[in-house]
Amino acid sequence: MQPSLDPLARVAQLDQLFVQQKFAPIANLYRISTVGPDGRSEGEPLAFVRQKRMKIRERIDFFADEAQTVPLLRLQARKVFEFRGVTDVLIPTGQVIGTLRKNFGSSLLRSSWTVLDPVGSPVATAQESSLFFAVLRRLWGLIPFVGDIPYFIPFHFDISAPDGRQIGNYTRIVALRDRYVLDLSGDPQRRLDRRVAMAFTVALDALQDR
């Protein structure tokens with residue numbers, strides 16, 4: 001399938017995205033699509049994502065085509081061995097259109113992220129919906145051998161505007177491979193740049209270290 005003339009412009013008009021992880025031996029692959037009519041399945045493909053493993057400077061590339069010839073976005077850690085959890089979202093020209101920052105203090109029990117606009121102002125915060133399940137996930141990961149086995153503990157985030165108003169959610173669908181639905185219907189003005197939101201859907205899985 002040939003990519004649309006301006007796939008990022010299409011993404012900018014969407015309030016829902018479907019994300020699924022694909023198996024590959026040397027990289028983490030994701031496919032991002034529109035959401036199907038049932039609200040739980042993929043629709044039309046929008047982006048194909050590749051995260052190389054074992055890189056000293058985290059980088060995740062988004063492409064318009066499955067052959068990975070047409071770049072769309074890039075997630076890139078601000079520094080080598082970025083311990084602060086600061087990752088920029090760039091378009092192919094190299095322009096930063098947003099930044100994702102993990103809130104380590106708030107994430108001790110429940111993972112929390114802040115999305116910043118290009119000038120560094122917060123536009124949204126995402127926090128795990130359930131404290132109980134957040135703690136349960138951490139305990140699972142500490143069990144020798146068992147912690148490496150895929151689990152089906154719910155992994156959901158509530159997404160809020162800077163004023164605390166909930167504008168969306170990020171929900172895991174139970175499956176062998178990770179699948180998620182991002183719903184930003186509570187942000188009809190689209191103050192959260194949907195291109196940055198698309199990058200965020202992958203970051204919440206690939207950069208979560210869960």
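Strand β3 (residues 42-52) pairs with β4 in the antiparallel sense over four bridges, where two strands count as paired if DSSP finds at least two bridges between them. Strands (E, at least two residues) and helices (H or I, at least four) are DSSP runs, numbered from the N terminus. The model is predicted, so to speak of local features pLDDT of at least 70 is needed, while side-chain atom pairs count only at pLDDT 80 or more and totals for chains, interfaces and linings use all residues. Residues are numbered from 1 along each chain as its sequence is written, and side-chain values use heavy atoms, with hydrogens and water left out.

On one side of this pairing, F48 has F63 of β4 as its bridge partner. Strand β4 (residues 59-63) also runs antiparallel to β5 (residues 71-77), with five bridges joining the two; here F62 is partnered by L73 of β5.

Turning to the aromatic rings, three pairs are found, taking rings of Phe, Tyr and Trp (its six-membered ring) with centres within 6.5 Å, and calling planes under 30 degrees apart stacked, over 60 edge-to-face and the rest tilted.

Y170 and Y180 are stacked, because their ring centres lie 4.7 Å apart with the planes at 15°. Y170 and Y180 are likewise both buried, and together with F157 they form one aromatic cluster.

Note on methods:
Buried means under 20% relative accessible area, exposed over 50%, partly exposed in between (1.4 Å probe, protein chains only).
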